[in-house]
Amino acid sequence: MGSTAVGAQAARRPPKAVSGTQRLFERLGLRTAADFVVHLPLRYEDETRITPVSQAQPGAHAVFEGEILSSELRLRPRRELQAVLSDGTGHLQLRWLHVYPGQQSRLKSGRPVRVRGEVRGGFHGLEIVHPLVTEPGTPLPATLTPVYPSTQGLSQASLRKAIGKALDEADLSDTLPSAVCQAYDLADFAASLRLLHHPSPDISLELLAQHSHPAWRRIKFDELLAQQLALADARAARRALKAVALQKAGALSARLLAGLPFKPTRAQQRAIVEIQQDLAVAHPMHRLLQGDVGSGKTLVAAMAAAQAIDAGVQVAVMAPTEILAEQLWRKFSEWLGPLGVPIAWLTGNLPAAARRQALQAIASGEARLAVGTQALIQDKVQFQSLGLVISDEQHRFGVGQRLALSRKGDQARFHPHQLSMSATPIPRTLAMAFFADMDVSVLDELPPGRTPVRTRLFAGARREEVLAHVAACVRQGRQAYWVCPLVEESEALQLQTAVDTWQHLCAELPDLRVGLMHGRLPAQEKADTMAAFRAGDIQLLVSTTVIEVGVDVPNASLMVIEHAERFGLAQLHQLRGRVGRGAHESTCVLLYEQPLSMVARERLRALYETTDGFEIARRDLAQRGPGELLGVRQSGQALLRFADLNDDESLLEQAREAAAWLVRDFPEQARAHQQRWMSGASQYLRS
Ligand code: ADP
Ligand code: MG
């Protein structure tokens with residue numbers, strides 16, 4: 001009986017191992033001692049010395065010693081204990097809003113005390129609210145006091161204690177061989193950590209705050225190195241997989257090239273060859289094709305598809321939106337259809353019969369090429385022999401979706417080759433940090449005969465002028481886009497805005513044929529609208545950002561973007577890329593509302609100053625950080641905690657070099673290093 005009672009009692013109590021504090025630690029990603037030791041301070045407080053009251057600065061955290069001049073428990077306007085401290089150089093108010101028994105007697109006048117806390121400018125001069133009171137004369141800490149990133153309910157004291165304990169217990173031995181440390185002039189790991197947690201007061205707070213102290217450099221190097229090692233792993237894992245080796249360029253590729261009305265640019269030729277070589281190898285290709293809007297990525301993709309189809313496997317071509325998928329479908333049909341390639345079309349909202357038919361054709365292998373949206377990666381879609389997956393604007397797909405598609409291959413034996421295309425140029429640092437497990441081909445040249453787009457900025461008050469511009473452009477036989485303001489908070493509102501804008505423009509420009517395009521239109525209506533615009537039946541197309549990528553109507557030579565200040569830099573660049581696709585001089589008008597924030601002003605300026613996608617991407621990275629650019633802002637994936645891709649480019653380079661060296665000569669240390677850094681919160685982006 002007794003044992004039952006004990007059991008019941010034990011069951012009522014939560015197991016001791018998961019205390020509330022522990023749960024809070026876990027929220028910060030802190031589980032193992034290794035996690036705690038690299039939980040580094042945000043800033044420091046200097047408690048190593050006594051500050052004379054006369055030198056107290058509002059906002060500073062400081063320690064004072066002196067004598068209580070007076071203290072008083074006030075009841076109005078609310079209960080509050082007040083005291084005045086004097087150290088002979090000045091007076092400091094002390095206030096407590098929560099008063100504990102016995103507290104007042106500790107603060108009797110004449111009593112010597114040491115207090116610490118944050119000084120504020122109060123009603124009666126400088127004050128500290130809720131100062132910590134201790135005995136004067138006790139030894140002061142020898143080092144600065146760390147302030148750690150925390151979470152609601154978790155005190156700095158618990159963090160400091162746990163981290164201090166971890167610093168004593170964790171294995172801080174250096175994972176890097178001394179040759180590597182010497183070659184890259186790296187500080188010792190354990191010493192760097194100890195310094196960052198408890199810096200001595202003579203170390204420059206500025207160097208610490210800017211993460212440029214040698215101790216920070218070591219930690220950032222280690223973080224980048226761990227990431228590079230993980231990427232090297234991913235690359236090695238891919239080399240261990242098998243894919244069908246697709247014979248180099250056969251008859252289909254040759255016929256495709258021969259039928260083109262233009263000659264591929266040198267950049268396209270180079271990319272085509274690079275891909276040809278990859279596909280001919282019995283390991284899955286994982287290549288990113290980067291090229292600014294209009295650089296002609298679709299042809300390169302079609303050449304890859306032709307090689308795969310010639311070699312007897314199926315090809316899937318996927319785009320993030322229906323409009324984009326349709327554009328791809330159009331090009332692929334135009335180029336490969338006449339050569340006898342059966343093409344299936346699959347999106348989420350096909351009628352049941354058409355959908356069944358498409359699935360059937362894909363499964364039987366009758367369709368050699370399937371073009372579509374994310375619908376292509378649903379479980380129900382079975383390919384007979386998927387050998388190549390092409391995804392356009394790949395950064396817009398979630399990482400999970402990309403993985404799902406790559407798994408569509410015959411998992412047991414063969415993995416499909418993967419070609420991703422992106423018009424968002426990825427700055428070098430970002431590519432090195434996050435796409436290093438991919439090979440990259442770059443189209444750094446536009447097809448000949450394009451005239452650069454002129455960008456003009458107009459304050460919203462000059463809308464009339466802009467309308468006249470639109471009318472003039474259409475009168476010359478050109479077409480125009482009018483991009484509606486972005487309403488981030490609500491899709492419904494965004495839609496309403498598009499409809500309103502369309503109605504206004506119809507009324508303001510009664511002699512123009514004005515069309516409306518937005519994401520919520522039924523698929524058929526979208527397709528009809530695009531067809532009408534392409535045919536010139538619609539002269540002015542009012543649209544939400546659904547036209548942001550891929551849309552290709554060469555006769556459209558004017559784009560107006562309303563409330564341009566609400567858009568991101570990359571997004572504006574993409575939008576602008578919809579014009580300047582034909583022989584006519586094109587203009588992009590950015591309408592903005594005042595007042596402009598500093599950031600918005602910088603964005604518009606960047607867009608005005610350059611049409612170079614790489615330069616724009618570089619500025620975008622500087623403004624917004626990598627998450628946004630990679631499209632992982634919402635995925636919750638930790639990118640880099642300490643290193644900064646804008647500031648640490650050369651360090652990243654060194655880490656990459658060192659990773660290769662470790663993998664080759666010090667595999668044990670490489671493993672240990674990754675182990676240390678990969679536990680806990682940090683998970684690096686891989687796809
Ligand atoms: P993006 O890289 O933005 O996807 P596209 O593949 O849509 O660019 O190409 C833009 C336009 O340029 C298309 O109309 C395409 O047919 C055309 N194009 C592609 N390559 C060439 C070339 N070498 N010479 C002339 N026009 C080309
Ligand atoms: Mg494209």
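# Labels and their cut-offs

Tutor: In β20, leucine 558 is the bridge partner of alanine 480. This is a predicted model, in which local features need pLDDT of at least 70, side-chain atom pairs count only at pLDDT 80 or more, and totals for chains, interfaces and linings use all residues. Residues are numbered from 1 along each chain as its sequence is written, chains are lettered from A and ligands numbered from 1 in the order in which they are written, and side-chain values use heavy atoms, with hydrogens and water left out.

Student: What makes β17 and β20 a pair?

Tutor: Two strands pair if DSSP finds at least two bridges between them. Strand β17 (residues 479–483) and strand β20 (residues 556–561) have five bridges, so they count as paired. The sense is parallel. Strands (E, at least two residues) and helices (H or I, at least four) are DSSP runs, numbered from the N terminus.

Student: In what order do the strands of the open sheet run, and which are its edges?

Tutor: The six strands run β16-β21-β20-β17-β19-β18, with parallel pairing. The edges are β16 (454–459) and β18 (514–517), as each pairs on one side only. The twist averages 20° from one strand to the next.

Student: Which helices lie across these strands, and at what angles?

Tutor: Helix α17 (residues 463–475) lies across β16, β17, β19, β20 and β21, at about 165° to β20. Helix α18 (residues 491–508) lies across β17, β18 and β19, at about 175° to β18. Axes are lines fitted to C-alpha atoms, for helices over the stretch in contact, and angles run from 0 to 180 degrees between N-to-C directions.

Student: How do you know that arginine 463 and glutamate 562 form a salt bridge?

Tutor: The rule asks for a side-chain nitrogen of Lys or Arg within 4 Å of a carboxyl oxygen of Asp or Glu. Here N to O is 3.0 Å, so the pair qualifies. Arginine 463 sits in helix α17 and glutamate 562 in the loop between β20 and α20, 99 residues apart. The count by this rule comes to 27 salt bridges.

Student: Why is glutamate 562 called buried?

Tutor: Buried means under 20% relative accessible area, exposed over 50%, and partly exposed in between (1.4 Å probe, protein chains only). Glutamate 562 has 13%, so it is buried.

Student: What makes a set of residues a nonpolar core?

Tutor: Its members are buried Ala, Val, Leu, Ile, Met, Phe, Trp, Tyr and Cys residues, joined through side-chain atoms within 4.5 Å. The largest has 40 residues, and those touching the most other members include Val315, Phe332 and Leu336. Helix α12 gives the most, with ten residues. A second, separate core of 34 residues includes Tyr481 and Ala556.

Student: What is leucine 336 in contact with?

Tutor: Contact means heavy atoms within 4.5 Å. Leaving aside neighbours within four places in sequence, the partners of leucine 336 include Leu252, Ala302, Val341 and Leu369.
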